[in-house]
Amino acid sequence: MTEKHFILDEADPLIFYGVNNANMQMIKALHPKLRIVGRGNVVKAMGDEEELCAFDENIQRLQAHCSKYNSLSEEDILHIVRGEHTRRDGISGAIVFSVTGKPITARSENQQRLVSAFDHKDMVFAIGPAGSGKTYTSIALAVRAMKNKEVRRIILSRPAVEAGEKLGFLPGDMKDKIDPYLQPLYDALEDMIPRQKLNEMMEQNIIQIAPLAFMRGRTLNDAVVILDEAQNTTPAQIKMFLTRMGMNTKMIITGDITQIDLPRQQRSGLIDALEVLREVDDIEVIHFNQKDIVRHRLVTKIVNAYDKHDKELNQTEKRNNNESINPD
């Protein structure tokens with residue numbers, strides 16, 4: 001009689017074991033010659049060597065399914081152990097699957113262009129209005145790359161630009177002050193990775209979320225690196241970030257040039273980078289627009305209203321400038 005331990009290093013144990021250990025009971029029923037005990041992220045099995053080898057293969061397939069789809073049912077277990085396809089294997093077009101098992105797909109033409117560009121380019125700029133899915137799609141692509149073992153790490157960053165509130169007046173230590181700026185990145189990750197697994201990955205620095213200032217001096221290898229809200233970087237900051245790129249690394253830079261929170265006299269690093277890098281090969285720039293907005297229908301109307309207002313304001317400023325230069 002041999003005993004082996006199997007580590008659930010890919011799957012979330014809560015999903016793997018199922019509600020009230022229903023999945024574990026199914027696994028035990030399908031391996032009657034083994035004595036199986038699951039606790040935490042360790043599954044122990046006792047039996048003869050041949051049975052344990054077969055069980056090892058099944059555990060790996062079950063983990064892979066659990067990790068990819070963020071779900072595992074008794075029906076899935078039955079099909080996988082029998083070597084059959086599950087009902088989810090036929091789903092096409094999904095980038096990754098949410099924590100509820102729902103497929104996350106490109107929902108617009110430009111989101112699909114971002115998916116394609118990520119597959120073929122090492123650096124992609126995604127420019128467009130709020131709600132167009134730039135950041136969410138980018139993070140989904142990063143999670144997919146990590147799950148497929150194409151990279152070892154995901155690094156997400158944002159400039160911590162004060163917009164309305166001074167950092168010094170916010171409560172808590174520096175992490176507490178900066179976290180609100182990074183919350184949209186946490187929100188997206190929590191949609192795609194079970195909370196317990198996400199916490200483990202962050203503790204092990206497999207997933208890192210940090211303000212842009214923390215990037216200085218680093219070389220980022222074997223990772224997907226995303227810079228969000230890049231319109232709020234200075235030219236020096238975005239140059240520093242782009243030159244952190246290491247081997248086997250992909251970068252996605254997202255931003256909205258209509259929502260710059262820098263002081264009026266400060267030039268946006270994103271605008272500067274788009275001009276400087278426009279003739280560099282292997283960099284793709286994708287411009288999102290109002291048609292890509294996938295939030296509440298009012299968001300599109302709000303964006304359009306502000307665009308119209310900004311155009312009218314610019315025209316008024318030009319007329320006033322011309323009148324001051326050429327008085328009657």
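A salt bridge here is a side-chain nitrogen of Lys or Arg within 4 Å of a carboxyl oxygen of Asp or Glu. Keep that cut-off at hand for the later stops.

The model is predicted: local features need pLDDT of at least 70, side-chain atom pairs count only at pLDDT 80 or more, and totals for chains, interfaces and linings use all residues. Residues are numbered from 1 along each chain as its sequence is written, and side-chain values use heavy atoms, with hydrogens and water left out.

**Stop 1: the whole chain**

Switch to cartoon. There are 11 helices and 11 strands. Both are DSSP runs, numbered from the N terminus: helices are H or I with at least four residues, strands are E with at least two.

Now colour by accessibility. Of the 328 residues, 44% are buried. Buried means under 20% relative accessible area, exposed means over 50%, and partly exposed lies in between (1.4 Å probe, protein chains only). The chain exposes about 18300 Å², and carbon and sulfur atoms supply 50% of that area. Areas come from the Shrake-Rupley method with a 1.4 Å probe; for residues, only the protein chains shown count as cover.

Turn to contacts, meaning heavy atoms within 4.5 Å. Among those between residues at least 6 apart in sequence, 70% join residues at least 24 apart.

**Stop 2: the open sheet**

Select β6 to β11. These 6 strands form an open sheet, and the pairing is parallel. Trace the order: β8-β7-β9-β10-β6-β11. Two strands pair if DSSP finds at least two bridges between them. At the edges sit β8 (207–211) and β11, each pairing on one side only. From one strand to the next, the twist averages 15°.

Zoom in on β6 (residues 123–127) and β11. They pair in the parallel sense over 5 bridges. Pick Met123: Ile283 in β11 stands opposite.

**Stop 3: helices across the sheet**

Axes are lines fitted to C-alpha atoms, for helices over the stretch in contact, and angles run from 0 to 180 degrees between N-to-C directions.

**Stop 4: the salt bridges**

How many salt bridges does a search of the whole structure find? The count is 12.

Start with Glu284 and Arg113. Their side chains meet in a salt bridge at 4.0 Å, N to O. Glu284 lies in strand β11 (residues 283–287) and Arg113 in helix α5 (residues 109–120), so the pair ties together parts that are 171 residues apart in sequence. Glu284 is partly exposed at 23%, and Arg113 is partly exposed at 34%.

Move to Glu190 and Arg195. This salt bridge spans 3.4 Å, N to O. Glu190 is partly exposed at 27%, whereas Arg195 is exposed at 54%.

Now select Glu275 and Arg267. The closest N and O atoms of this salt bridge are 2.8 Å apart. Glu275 is partly exposed, with 41% relative accessible area. Arg267 is partly exposed too, with 37%.

Finish with Arg158, Asp228 and Glu229. Salt bridges that share partners join these residues into one network.
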